[in-house]
Amino acid sequence: MKTAGLASGSKGNAYIVEAQGTALLIDCGISHRRLASRIKAAGFDEGAIAGVLLTHEHTDHASGLGDFRKRHPDTPFFANALTADAIGALCPDAGGFCIFENAQEFELGPFSILPFAISHDVADPVGYLVRAEGKTYFHATDLGAPLESVGRLLAQADAATLESNHEPTLVMASSRPESLKRRILGPLGHLSNDQCAALVAKYASPKLKRLSLAHLSEQCNEPHLAERAVRAALAKHPGVQLEILSQSMPGKTWEV
Ligand SMILES: [Zn+2]
Ligand SMILES: [Zn+2]
């Protein structure tokens, strides 16, 4: 299995996983032009995408769906019912969805996919555990609370993408409205560097080989702050390769 973060942050998200010549896109919040060039730059084949998994309806995760649907009319989109309804209302040209139930694993090509509930201020947000070829990839962004149920799934991962959104002192010092600060810092907002690090410290297992930090705030975080917090959390697992995903370019392509 191989994976890459194609775009990560509040201006647009897309992540790709491939096994045995079949690929999955997780979220589609960038234009098709950008998506196509990043898929190619990361060494994946857009024609191999057998499905698009949606985490939630925020535009930075779903705004590219209509564009993608025009170019790939037969590629199914997957979401739970509340997320599909919310995306349908916001983005009518996204078209229909294959509906899954949270916590019920389903198969697509070589993949077993487990959507799991996370905490965020939308209808029914999820992360994903994707298994193929005996390996497990964990994916969770846009989560306000480091839930134990999420940590127990992180513990199964050979490779993971986890949000490390902000440094609380930078959020408080920013010029953002108080209501937005409360949202970001609250349990339905985003994971801070220390919350991310605490989840990693508690749940990363010796299996974990690669961790990609995702959805960093451009205004209220610094890559070196996220990296420092999570490196300290990985003290027991010095072999884990760490990367910081970015808004402006695809991350590394990892063999899992
Ligand atoms: Zn987001
Ligand atoms: Zn969101």
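The points below take up the salt bridges and the parts of the chain that they join.

1. This is a predicted model, in which local features need pLDDT of at least 70, side-chain atom pairs count only at pLDDT 80 or more, and totals for chains, interfaces and linings use all residues. Side-chain values use heavy atoms, with hydrogens and water left out, residues are numbered from 1 along each chain as its sequence is written, and chains are lettered from A and ligands numbered from 1 in the order in which they are written.

2. Across the whole structure the search finds 8 salt bridges, a salt bridge being a side-chain nitrogen of Lys or Arg within 4 Å of a carboxyl oxygen of Asp or Glu.

3. One of them pairs glutamate 105 with arginine 131, at 3.0 Å from N to O. Glutamate 105 lies in the loop between strand 6 (98-100) and strand 7 (106-108) and arginine 131 in strand 9 (residues 126-132), so the contact ties together parts 26 residues apart in sequence; helices (H or I, at least four residues) and strands (E, at least two) are DSSP runs, numbered from the N terminus.

4. Aspartate 158 and lysine 207 form another salt bridge, at 3.8 Å from N to O. Aspartate 158 is buried, at 9% relative accessibility, whereas lysine 207 is partly exposed, at 36%; buried means under 20% relative accessible area, exposed over 50%, and partly exposed in between (1.4 Å probe, protein chains only).

5. Glutamate 178 and lysine 181 also meet in a salt bridge, at 3.4 Å from N to O, and, being 3 residues apart in helix 7 (residues 178-185), they are separated by about one helical turn. Glutamate 178 is partly exposed, at 44%, while lysine 181 is buried, at 6%.
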